[in-house]
Amino acid sequence: MTAATRPVGRPAPTPAILRQGLRVIWTGIRQQRGIFAIAVVGSVLWAAATVGTAWAIGYVTEHEVTPAVEAGEFTAGGLWTIFLVLFAVLVVNMTGVVLRRVAASIAGFNLQASYRQRVTRQYLRLPLSWHHAHPSGQLLSNAHADIEAAWQVFNPLPMAIGVLVMLVIAGGQMIAVDPFLALIGFLVFPGLFAANLVFQRFMAPRITAAQQLRAEVAEVAHESFEAGMLVKAMGREQEETERFGKVTNDLRDSLIDVGRTRGVFEPVIEAIPVLGTLAVLAVGTARVSSGDLTAADVVEVAYLFSILAFPVRALGWVLAEIPRSVIGFRRVDSVLQATGSMQYGEGRLPRTGPARSLSRQVSYAYADPGERAVLGADQPEAAVEATGPQRAMAIRNVTLDVPAGTTTALVGPTGSGKSTLTNLVLRLVDPDSGSVSLDGIDLRSVRKGEVPAVGTLVAQQTFMFDDAVRDNVTLGADLPDASVWDALRTARADGFVSAMPGALDAVIGERGGNLSGGQRQRIALARAIVRKPRLLVLDDATSAVDPAIEQDILGGLRESSDGMTVLVVAYRMATIQLADHIVYLEQGQVVDQGSHDELLGRCQGYGDLVNAYAREAAERAAVAADEEPTR
Amino acid sequence: MSTATRTTAPDDERGAASSEIGGSHDLSTWETLKRGFALSPELLKGLWVTVLLALFATIGKVLIPFVVQQATDHGILAEGGPDVGFVVTAVLIAGGAIIFTSIAQYAVNIRLFRAAESGLATLRLKAFRHIHDLSVLTQSTERRGALVARVTNDVDTISMFVQFGGIMLLVSTAQVLVATILMAVYSPILAGVVYLCVVPLVVLITKFQPMLARAYGAVRVRVGDLLGAVSESIVGAVTIRAYGVEDRTQGRIDAAIENHRVAAIRAQIRSVMAFVSGQAFGGITTAIVLVVGTVLATDGRMTLGQLLAFLFLVNLFTQPVQQATEIFNELQNAVAGWRRVIGVIDTPADVSDPGEGGLRLPRGPITVDFEGVSFAYPGGDRVLQDVDLTFDPQSRIAIVGETGSGKTTLAKLLTRLMDPSEGRVLIDGVDLRDVAFDSLRRRIIMVPQEGFLFDQSLLENIRFGRPDAADEDIELAMTELGLDAWLATLPLGLATQVGQRGESLSAGERQLVAIARAYLADPDLLVLDEATSAVDPATEVRIQRALEGLTRGRTSVAIAHRLSTAEAADVVVVVDKGRIVEVGHHAELVGAGGVYTRMHASWAAQQR
């Protein structure tokens, strides 16, 4: 299923959207009360000055210009009055604009920043199963484009509020002049409202589709760039470009669709106030002829309308932004409301001596990654976690006891659940059933941060941060360089690190690009060692390290592992033989456990696995011997 | 002998001259615009029709206030009472003008949206394609998240300007011209005054432009950083949780968020300053015109009515000028986005397809030669030195050596993911740099240690190796590789979804898929770089046999730590500190007392 064909949740059309939009706006205003207030004050100043400009021109024309022209001479004082009155209004106007626009943008960007913080906190807080259901590219788009969409409305908002103020002032004036004429003018507003309702109705589904496609474009780009080397190695640049082209074109069509709707709406919104002005003129003239009004009254009302015509568009801008804002906010909110985070207790774990890890009757099944979530869609986020049938349980009723101070090896064929078990032991995931404890304390009952403080995992696939070697080892912990070097030495990484320009300060680059797989693994090992964990879990963590160095590392670990319990996933005989106890897994279940010799004697699967190379070598030797005489 | 690299870099600097993705800061605004429009020809397609329509719409917009003013002056305020007939006529004319204007405006909007989105889609696609054409080394100079920003948010930044800004600039210019002519007709002196007032604004705006450009440029960079930081927190989710470093990661993200916020606000403040100076110009111009006009009117050089009419024209003039300051802000924002996208597109692809002149080599047994090959990463020491090697057709080669000795570099040079800094790599006697990519990638395929999987089914992931393969071909390949037993453990078999980056599978399983994928592609030369390092020994042996059975017709190069691979190879190449120290059959080398002897002893000790 390609990204673009996935169903997109469409919200029920409006007027709900308008109501939700106002709620989003209100949420934002509450959070940025002070700054927003400044923006509104600025906007009111601006509104007053805009109406005031017309008044000021009228005032100086009547009191200075006309008398001067009629008299045929001017005074310096008179000219100064003209200039200063207009200038004063201008200064008020400019002050208003600066306050309004600067404060509005600060409020908007503050909101964006604050929601980015919240969303990324969720990313870090939500469990791995949630991450599996949400493509990285979509999450990136959520943290940027969706949040931007949600709060962009704050740019035109204060101006629109100023316009409302202006409408109130002008409306009051109009009513004072002639309520009947004012009423005609006010018919404009139901018109604007109706036009807007129709607009929202057409706009909401289109904007939803566009935001989802935006996320999908980011998703395809993210995945494709991550696969950069593979794409190149297989010469699939063209196919990938076509795949990206498909979502890009869908996004293009979707945005054109949005544009078409907006393209209708904007001229209509602009035309309505002008039609109002014309109506006032026509009706006003009739009333003047019938003697109900003076010509000057009509002119005044018509003039009030004409100065409103342009600013009223700001209302249109806000209304036009609302669907985007609602959809963006909905997508953001669905992340903020996502449940399924790990629950933590108040307990603590001991900090000294080797730890004992006990997993009792644990089972775990992965969620179906085919069931991916669409952010902000109608179905609740939690529904995503339903497990699909695509994979048998990764771990079934496994009991694993790793006594304090011992080394236990997990052995089993590829895909037998070893990595899943290591994740359970360190509570990277919680079991579906059964319990996991350290030193007899259930991991679910301890505080956040306790398990990582005590137990450390070196995963099969290393992850390097775009940082210096030192930071990749310490991960921000306050450790002296001497400890870092000690850890690097134990991981046999001191040699190549000291040869790098800058040594500990050498920046590795995202994903550790220029290091070999074995070098990355050794830095990852040092990262674990430097923390002196009470439980060290090595998940085939030396697979890319050559055998001699691996021996060195394991030897070094043994020396320095006083007070450390080790659980190691391994294939290599030498590694296995370092273990006091071996647990053999097949298809998510413990098939047998005991010492190496015991298992060799009674477990065929184990024997087949660990002796595969030896048998292979023997067979080759035999074949070679057979072939020898014929040559 | 005409590859792009050769023309840009002398032979001995090739490879070392790997490029970094640039920001194209050196392009001026004008050059950026020119490049931008050239990259998206859709933006200019049919533009003159749009401009014409926009001019019509503008005429309507100017006409309406004019008609309203006429209706007021000559209708309602007509001497001897309101002239109802005149007002009705005027209202009807204005009403017609509104309908006409609205339709024209609608047509303009649609045309602009279509042109803008089509043009930007093309730009996205070009940038995307070019990123894939960049060498692995160049790609790695920027974080993935930031690369994504270049084809998403950076492009989005341009859209506002190309949708509205550009056309408004043209229309505003037209309106300024019309207003200028009218003002000059009414009063050349006052027109001169207005133009004198424009001068300081032009000076100010010119000064603001580079400041704005810098500010918006900084915002784009911050967005890239932000997405890079967020991306790290998502992709590194397991490591972050395993080490409990959520707070630290959050700290870094927060810093990126804050930097972006500050940069965005700074850019906004600068744009407000630019806008306000436009506003000041409008207000001050009106005030000065009124003052000077008063003086002229007292002299009898113009009437009061003419003065008030002139104020209307001043408004017609200053309004588009003010709008232009706003558009210039948007322009600089767009240029900042454009520069980043152009920066990618203009980054030279240092390992590039020879293009039309590229050779297409016939399929079949393949010979490989390394001639005096050396390689250094940009700014680094040599990691490979003076490599001379020949791989015979249909032979099985094992490359062994310590981690970091240069084995993977060798593999990357062999598959032309990178070009050597010195010397050359030849297949069938032809320099790799002269072979067309599509031919090269058919013949040589590498399976890296950490093979990437797409968020699709197993079937689709394997089919990536040969897009035209039928389901049966893929099933057959799995059987031939002896992977059917593993497949049987998955209830959905080949339909199993592997999750993002294949995370639903274990590392070993991902390697199985990567091998099946390469196997299906059926290259003449298969390069396996630790491709089975995470697979259990029994499965590895099974795969190795399967590959061997089928490698009879092809050349295979395997990099492996498990020396079982070397024992089975025809030729073992031993790499040590970037040099080839031994070449020969396992049987010869194992007793030779060299590096290999030592390595093998430690391996054998492990197997015991």
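How many salt bridges are there between chain B and chain A? The count is seven, where a salt bridge means a side-chain nitrogen of Lys or Arg within 4 Å of a carboxyl oxygen of Asp or Glu.

## Before you start

This is a predicted model, in which local features need pLDDT of at least 70 and side-chain atom pairs count only at pLDDT 80 or more, while totals for chains, interfaces and linings use all residues. Residues are numbered from 1 along each chain as its sequence is written, chains are lettered from A and ligands numbered from 1 in the order in which they are written, and side-chain values use heavy atoms, with hydrogens and water left out.

## Where chain B meets chain A

Let us begin with the interface between the chains. Here 168 residues of chain B are in contact with 167 residues of chain A; contact means heavy atoms within 4.5 Å. The size of an interface is often given as the accessible area lost when the parts come together. Chain B and chain A bury about 15300 Å² between them, with 66% of it on carbon and sulfur atoms. Buried area is the accessible area (1.4 Å probe) that two parts lose on being put together, summed over both. Arg241(B), Tyr243(B) and Gln606(B) supply 6% of the area that chain B buries against chain A, more than any other three residues.

One salt bridge joins Asp467(A) to Arg252(B), with the closest N and O atoms 2.3 Å apart. There are also 31 residue pairs in polar contact across the interface of chain B and chain A, both residues being at pLDDT 80 or more. A polar contact is a pair of N or O atoms within 3.5 Å; within protein, one must be able to donate a hydrogen and the other to accept it, and residues adjacent in sequence count only if both atoms are side-chain atoms. On the side of chain B that touches chain A, helix α10 (residues 246–298) of chain B gives the most, with 31 residues. Helices (H or I, at least four residues) and strands (E, at least two) are DSSP runs, numbered from the N terminus.

## The two domains of chain B

Chain B is divided into domain 1 (30–345) and domain 2 (361–607); such bounds come from an automatic or database domain assignment. Their centres, taken over C-alpha atoms, are separated by 55 Å. Five residues of domain 1 of chain B are in contact with six residues of domain 2 of chain B.

Together, domain 1 of chain B and domain 2 of chain B bury about 400 Å², 74% of it on carbon and sulfur atoms. Within domain 1 of chain B, Val136(B), Leu137(B) and Val235(B) lose the most area to domain 2 of chain B, together 87% of what that side buries. The count of salt bridges between these domains is zero.

## A closer look at Val351(B)

Which loop holds Val351(B)? Val351(B) lies between α11 (304–345) and β1 (368–376) of chain B. Val351(B) has a relative accessible area of 7%, so it is buried (under 20% relative accessible area, with exposed over 50% and partly exposed in between; 1.4 Å probe, protein chains only). Leaving aside neighbours within four places in sequence, Val351(B) is in contact with residues including Asp133(B), Ser135(B), Leu417(B) and Phe437(B).

## Chain A in outline

Chain A is divided into domain 1 (10–336) and domain 2 (357–366 + 388–618), and the C-alpha centres of these domains lie 56 Å apart. Chain A has 23 helices and ten strands, and buried residues make up 59% of its 631 residues.
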